[in-house]
Amino acid sequence: MNRKKLQKLTDTLTKSGKHFNKFEVKCLITLFYNLVGDVAERPGVVTGLDRNVFRNILHVTFGMTDDMIMDRVFRGFDKDNDGCISVSEWVHGLSLFLRGTLDEKMKYCFEVFDLNGDGFISKEEMFHMLKNSLLKQPSEEDPDEGIKDLVEITLKKMDHDHDGKLSFVDYEKAVREENLLLEAFGPCLPDPKSQMEFEAQVFKDPHEFNDM
């Protein structure tokens, strides 16, 4: 990408993003094109990070291991649902992922956890996510029973209108009272350590970034 084009893209994405300055946006754009590889921008061909490359970054760089959650994070970044993360989706997604406000993060996490997109986190969705994110304990008991109990406990704590499912209002109220509930159903944001390491490395020299 030539310098003029890079400058223009940097300006545009700095204006539309919230949490990065111009230098940081430029680093993230450079990193994006390093990860995508030198793909010539051909008309009709989407240039972007596909699911596998993106999941690899989530796994190796941010320590995520849950396939279902990683898939949902991918969808959270891929706003236009074209199966690829474009450069603007990358910068805007990372803006929230790394530095979002509590309000932004609540909206994002709720969308990640609302697996079927109906505006509620149902008991079934909680069960799936908790079953996935809990370590498999070798025990005599039926693990599903323990997870069902956990779902009931979670509902008791978070379901303010007692309708047996979580609306965004329920979720927001619970998280404001207890921030730790933000990622109640699985880690979908980076932990502070990997966030700092990523930023330190990328904003020092994006060419040196190595997610392998």
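1. In helix H6, the buried residues are Glu104, Lys105, Met106, Tyr108, Cys109, Phe110, Val112 and Phe113. Here, buried means under 20% relative accessible area, exposed means over 50%, and partly exposed lies in between, with a 1.4 Å probe and protein chains only. Helices (H or I, at least four residues) and strands (E, at least two) are DSSP runs numbered from the N terminus.

2. A word on the model before going on. This is a predicted model, in which local features need pLDDT of at least 70 and side-chain atom pairs count only at pLDDT 80 or more, while totals for chains, interfaces and linings use all residues. Residues are numbered from 1 along each chain as its sequence is written, and side-chain values use heavy atoms, leaving out hydrogens and water.

3. Back to H6: this helix covers residues 102–113, has 12 residues, and reaches 16 Å from its first C-alpha to its last, close to the 16 Å expected at 1.5 Å a residue. The expected span is 1.5 Å times one less than the number of residues. Its buried residues are covered by elements including helix H4 (67–77), helix H5 (87–99), strand E3 (120–121), helix H7 (123–133), strand E4 (166–167) and helix H9 (168–177).

4. Which residues have the most contacts inside the largest nonpolar core? They are Val73, Trp90, Phe97 and Phe113, in a core of 57 residues. Helix H2 (residues 22–36) gives the largest share of this core, seven residues. A nonpolar core is a set of buried Ala, Val, Leu, Ile, Met, Phe, Trp, Tyr and Cys residues joined through side-chain atoms within 4.5 Å. In soluble globular proteins, nonpolar side chains tend to be buried together.

5. Phe113 deserves a look of its own. Leaving aside neighbours within four places in sequence, Phe113 is in contact (heavy atoms within 4.5 Å) with residues including Ile69, Ile121, Met129, Tyr171, Leu182, Phe185 and Cys188.

6. How many disulfides are there? The count is zero, a disulfide being a pair of cysteine sulfur atoms within 2.5 Å. For Cys109, the nearest cysteine sulfur is that of Cys188, 3.5 Å away; that is too far for a bond. Cys109 counts as buried because its relative accessibility is 0%, and Cys188 counts as buried because its relative accessibility is 0%.

7. There are 12 aromatic pairs in the structure. Rings of Phe, Tyr and Trp (its six-membered ring) pair if their centres lie within 6.5 Å; planes under 30 degrees apart count as stacked, over 60 as edge-to-face and the rest as tilted. Phe110 and Phe168 make an edge-to-face pair, 5.4 Å centre to centre with 85 degrees between the planes. This pair links distant parts of the chain, with Phe110 in helix H6 and Phe168 in helix H9, 58 residues apart. Phe110 is buried at 6% relative accessibility, whereas Phe168 is partly exposed at 28%.

8. Phe168 also pairs with Tyr171; this pair is tilted, at 6.3 Å centre to centre and 40 degrees between the planes. Both lie in helix H9, three residues apart, about one turn of the helix. Tyr171 is buried, with a relative accessible area of 0%.

9. One aromatic cluster is formed by Phe54, Phe62, Phe74, Phe77, Phe97 and Phe198. Phe62 is also in contact with Ser194, as is Thr61, leaving aside neighbours of Ser194 within four places in sequence. Ser194 lies in helix H10 (residues 192–202) and is buried at 7% relative accessibility.
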